[in-house]
Structure formats: C-alpha cells, structure tokens
Amino acid sequence: AIARSVLVRDVTTPTSEKYCSGVAIDATTVVTAGHCYAEKLAVNGIPATIIARSDEPDLLILRVETGQKLRGAIGNPELGDAVVCISNRAPFVNLFNHGYVSSAQPPRMLVTMLSISGYSGAGVFDARGRLVGVLVGVRTTMEPWGTEESTFALVIRGEDVARFLKDSKA
C-alpha cells in the first residue's frame, strides 16, 4: 500500500457529524484541509493539537500520535500523470480513487476523479508513492466549488504542502 488515510473528526460536541480525511506525514504530524478546523479535533479517535492553520493554502497541521508515516517523499506531478487519492467517507476508510492531473495553477492543481464531501484533507499520491497533494475541494463543473459530488478535485500541490510544513516548523 502507498499510505493510509486518517479520519479527522470534530469532537467539540459529542453529536458533531463533521469529519474529514487526513494524511500522516510522520508518526506525530497529520495534514488535512484548513476548512476542516474545529475547536477540538481527533485523529482516528485520538485527541489532536492544532499546530498551524491557513486559509491560503487551505491547510491544517495537527500533532497526534498516529504511528503512521509517509512511505515516500513529497513531490509534484506532471500534467496528465495518474494519481490516487486515499480518503475516508464514513463508515468506509482508506478509499482509493484514481484520476489524473488535469491542470496546475500553483499552489493548486485540478485532478479529474470522483470526489465527494468527506474527502477533504485526503492525500493524493503518484505512481512512485510520493505525496503530490492534499485534496481541499470538489466540483462538478468549472463553476463555484463545494458541491456534494464531483468529477474534479481541487488539490494543494505537494511542493506547497511541504513549504507550509516547513514554514510552520511542523
């Protein structure tokens, strides 16, 4: 397997239904989408500490003991490259969706693949196992973002994820 996705859940209230996907960078660092922020978050049921959050790029870094880590480097794909997104959509975990890079407008890229809400924060990997991005949005057309189902995924490029991690000293 390339990697495993983690489940990031809002635990501010016991009845919260807000959850996202995430990717473990190392044994104690998780990256997810910034819009997944909540006052209290848990990763795979373990309370997490918020290290850094940004609206641009839409990223959030959490500190939590996951015991997981990337198996490859962080990099950037080329246009047309095949990629796989590993996400969570309760009750299913580690869902694999295949697609290809359709466009790149740094710090983002557009990936043609099925994606739905709950996939936000998921890692996107290339054939070499490199983390090439973090999914932060979905859309069905070239119109406004945020629809429930999508044939396009908005992804923050791996290079920009790495820069955010470095700048945040995570």
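Reader: Which side chain does E56 meet in a salt bridge?
Author: In this predicted model, the side chain of E56 meets that of R108 in a salt bridge, with 2.6 Å from N to O.

Reader: And where do E56 and R108 lie?
Author: E56 lies in the loop between β5 (46-55) and β6 (58-63), while R108 is in strand β9 (residues 108-116), so the pair ties together parts that are 52 residues apart in sequence.

Reader: Is E56 buried, exposed or partly exposed, and what about R108?
Author: E56 counts as partly exposed, at 48% relative accessibility, and R108 also counts as partly exposed, at 26%.

Reader: OK, how many salt bridges does the structure hold?
Author: The structure holds eight salt bridges. One of them joins E17 and R9, whose closest N and O atoms are 4.0 Å apart; E17 is exposed, with a relative accessible area of 60%, whereas R9 counts as partly exposed at 27%.

Reader: Which residues are linked in a network of salt bridges?
Author: Such a network links R157, E159, D160 and R163. Within it, the side chains of E159 and R157 meet at 3.0 Å, N to O, and here E159 is partly exposed, with a relative accessible area of 37%, while R157 is buried, with 13%.

Reader: Switching to helix α1, which of its residues are buried?
Author: In α1, which spans residues 158-167, the buried residues are G158, D160, V161, F164 and L165. Seen down the helix axis, the buried residues of α1 fall within an arc of 165 degrees, so they line one face of the helix.

Reader: Why would residues three or four places apart point the same way?
Author: An α-helix has 3.6 residues a turn, so residues at that spacing point the same way.

Reader: What does the face turned away from the buried side of α1 carry?
Author: That face of α1 carries the exposed residues K166 and D167. After α1 comes K169, whose phi is positive, near 55 degrees.

Reader: Last topic: where is confidence lowest, and where is it highest?
Author: Confidence is lowest in strand β12 (residues 149-157), at a mean pLDDT of 82, and highest in β6, at 96. For the protein, the mean pLDDT is 86, and 90% of the residues reach 70 or more.

Methods: Residues are numbered from 1 along each chain as its sequence is written. This is a predicted model: local features need pLDDT of at least 70, side-chain atom pairs count only at pLDDT 80 or more; totals for chains, interfaces and linings use all residues. Side-chain values use heavy atoms; hydrogens and water are left out. Buried means under 20% relative accessible area, exposed over 50%, partly exposed in between (1.4 Å probe, protein chains only). Helices (H or I, at least four residues) and strands (E, at least two) are DSSP runs, numbered from the N terminus. pLDDT is the predictor's confidence in each residue, from 0 to 100. The arc is that of the directions from the helix axis to the C-beta atoms.
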